[in-house]
Amino acid sequence: MTTPAQSKPIFQPNRAFAKEARIKNMCEYNDLQQWAHEDYEGFWGHFAREKLTWSKPFTKVLDESKAPFYRWFDGGELNVSVQCIDRHLDSRKNKAAIIFEGDRGDKQIITYLELYYNVNRFANLLKNEFNVQKGDRVVIYMPMIPEAAYAMLACARIGAIHSIVFGGFSAEALKDRIEDAQAKLVITADGAYRKSKPYMLKNVVDEALSVGAASVQKVLVVQRNFEDVTWVGGRDYSYNELVVSQSPVCEPTPMQSEEPLFLLYTSGSTGKPKGVQHNSAGYILWAQMTMEWVFDVKENDTYWCTADVGWITGHTYIVYGPLAMGATTIMFEGVPTYPDAGRPWKMVEEYKINQFYTAPTAIRVLHKTGENEPAKYDLSSLKVLGTVGEPIDPPAWKWYYEAVGGSKCAIVDTYWQTETGGHVVSPLPGATPIKPACATLPLPGIIGEILDPMTGEKVGAGESGYMCITRPWPSMIRGIWGDPERFVKSYFGDVKQNGKGVYFTGDGANYDEDGYITITGRVDDVINVSGHRMGTAEVEAACKKHPNVAEVAVVGRPHDIKGESIFAYIVLKGEDTMGEEVEMVKEINKVIQKEIGNIALCDDIVFVPGLPKTRSGKIMRRILRSIAKGEAITQDISTLEDPSIVATIEKKVKG
């Protein structure tokens, strides 16, 4: 479909900042991108040798012989924990590596030397007390505390594969991920804090293990002095008691470039979560390079990403990326609006934060609840502002740029996903002229193109297409754990270029007249709630566990704060239950809460007598999406099994 290319205001990089930036102008960007296009392996080989500390050098940059199962830096060996810690000790041992700010205002500063000792003790604890070996899977279900980072890096140090499960997920969701990974150990904490109120994590682990997850042999618990914690003899152990006796020295396990670093489960268009696998060398290389290029963090900077380590953003841009480049990274437990909407700006002032990275959802909430709060604090230290998780809308962008950034900070509107490992499309703060709510251009080395899904050809200005990456890159997903067929089908089955499957992100996009990329949203059945992807099939499967639900179809609906909210159309089993709709909504959301967690709760549930289906039984979700959005129905409904159902549903939704 062709639409007129829309012009947007352009904001040039701050000149003083650009002079000191790693990539200073568009000429330097174009030179890097041309280098990558002309000598792809030479480009990546150069940076892999320059940036990474190898215990054994690689012999081959890229092996495409078994595409799309690509291999990078074959023959090489390294350890990611060495890249993040050991190599900094000569010059940065007394530098702050992690600054922890707790929900209740408690603070802790961990230097690189202290990080080294803490990670080594944790690694020895895993080896000596729990027999965790190279290749074993360890599930981490933790709050945002330093021990979460220690656990990640300890696994990396001994070659274990960690899989972090977001602390807001339910026992059922935790169990499913443990079982898929066949984890032998769970690391958790007794509890956490949110708005100064405690919530329990250990109890959720207990529930998950009571209904399944037989592979788990032991549970390691970081104690934060919460009460009402049940201990299972012979299974549960206290981290606090055991770690003190461990040696602060642990030799790193050499890891081949393509050996796994971690699994992270993400929702897909089918009900079962996908275990996205990232491997060692390529992932850590791009994590470090994007920290240096996109945020332009310098030696004395303090950087804050507000994400949770339960998501890929926390993996790459709180722990691995910042530590790999030797930066000071902030870990924050809590919500940015507590105790008031000035919390982030107070922290910026206190810690002299230079780079601030958050989600559009958080920006919208802070704008709505504390529009004038930034003016109360000294934010002059800020140099780069980032957004992540979803496209940012122009009003939020404007407030972020003017009120928070003082109209002088670059806003890097980063586009990427769990599967890409790091940013793939983003402005460079010292080089790229910025357009509000526009991801701009692929980063150097990323061959990102918007393709026509039918022809595989690159679309023109003003035309919509599928956002694809047409060459493999080092930090890309290496597979779906235990399911290679699903990996190929999920990412390389939709778009072909010159007869060869290319990586399709699942998002639609378009070019403007300057070749800038704007992401328009998912084209599959995935909803982006507050920057987190929720598969409609996963939510539908949870709804169906309510005994009175006969059929369900879930779609996304635009939301002022979340970006998208979850909208469910539900057909009940008996007409006599239709009069109990208010209670039924509560009951269904309780089931969703139990099966997935609060993040998947439906904002809207509408009970309907039937769903629009083709004669072959396929539910026409496009029609349901249009109704949820209040749009006119433009699709041909004459081929539906019962065309009249559309008007019935519209009437029901309009109330």
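Biologist: Which residues is F58 in contact with, leaving aside its neighbours within four places in sequence?

Modeller: In this predicted model, F58 is in contact with G45, A48, R49, F73, D74, G75 and G76. Contact means heavy atoms within 4.5 Å. One of these residues, F73, is 15 residues from F58 in sequence, with 5.2 Å between the C-alpha atoms. F58 itself is found in the loop between α3 (40-51) and β1 (60-63).

Biologist: Why is F58 called buried?

Modeller: The relative accessibility of F58 is 10%. Buried means under 20%, so F58 counts as buried.

Biologist: What makes K134 and E259 a salt bridge?

Modeller: The closest N and O atoms of K134 and E259 are 3.0 Å apart. The cut-off is 4 Å between a side-chain nitrogen of Lys or Arg and a carboxyl oxygen of Asp or Glu, so the pair qualifies. The two residues are 125 residues apart and link distant parts of the chain: K134 is in the loop between α6 (112-130) and β6 (137-141), and E259 is in the loop between β13 (255-256) and β14 (260-266).

Biologist: Why is K134 called partly exposed, and why is E259 called buried?

Modeller: K134 has a relative accessible area of 40%. E259 has 19%, which is under 20%, so E259 is buried.

Biologist: How do you know that K202 and D236 form a salt bridge?

Modeller: Their closest N and O atoms are 2.8 Å apart, within the 4 Å limit. This pair also links distant parts of the chain, with K202 in helix α9 (residues 202-210) and D236 in strand β12 (residues 236-238), 34 residues apart. K202 is buried because its relative accessible area is 0%, and D236 is buried because its value is 8%.

Biologist: What makes D514 and K435 a pair that ties together parts of the chain?

Modeller: D514 forms a salt bridge with K435, with 2.5 Å between the closest N and O atoms. D514 lies in the loop between β26 (503-511) and β27 (517-522) and K435 in the loop between β20 (410-413) and β21 (448-451), so the pair ties together parts that are 79 residues apart in sequence. D514 counts as partly exposed because its relative accessibility is 44%, whereas K435, at 1%, counts as buried.

Biologist: How many salt bridges does a search of the whole structure find?

Modeller: The search finds 34. Salt bridges also link E101, K107, R343 and E350 in a network.

Terms used
Residues are numbered from 1 along each chain as its sequence is written. This is a predicted model: local features need pLDDT of at least 70, side-chain atom pairs count only at pLDDT 80 or more; totals for chains, interfaces and linings use all residues. Side-chain values use heavy atoms; hydrogens and water are left out. Helices (H or I, at least four residues) and strands (E, at least two) are DSSP runs, numbered from the N terminus. Buried means under 20% relative accessible area, exposed over 50%, partly exposed in between (1.4 Å probe, protein chains only).
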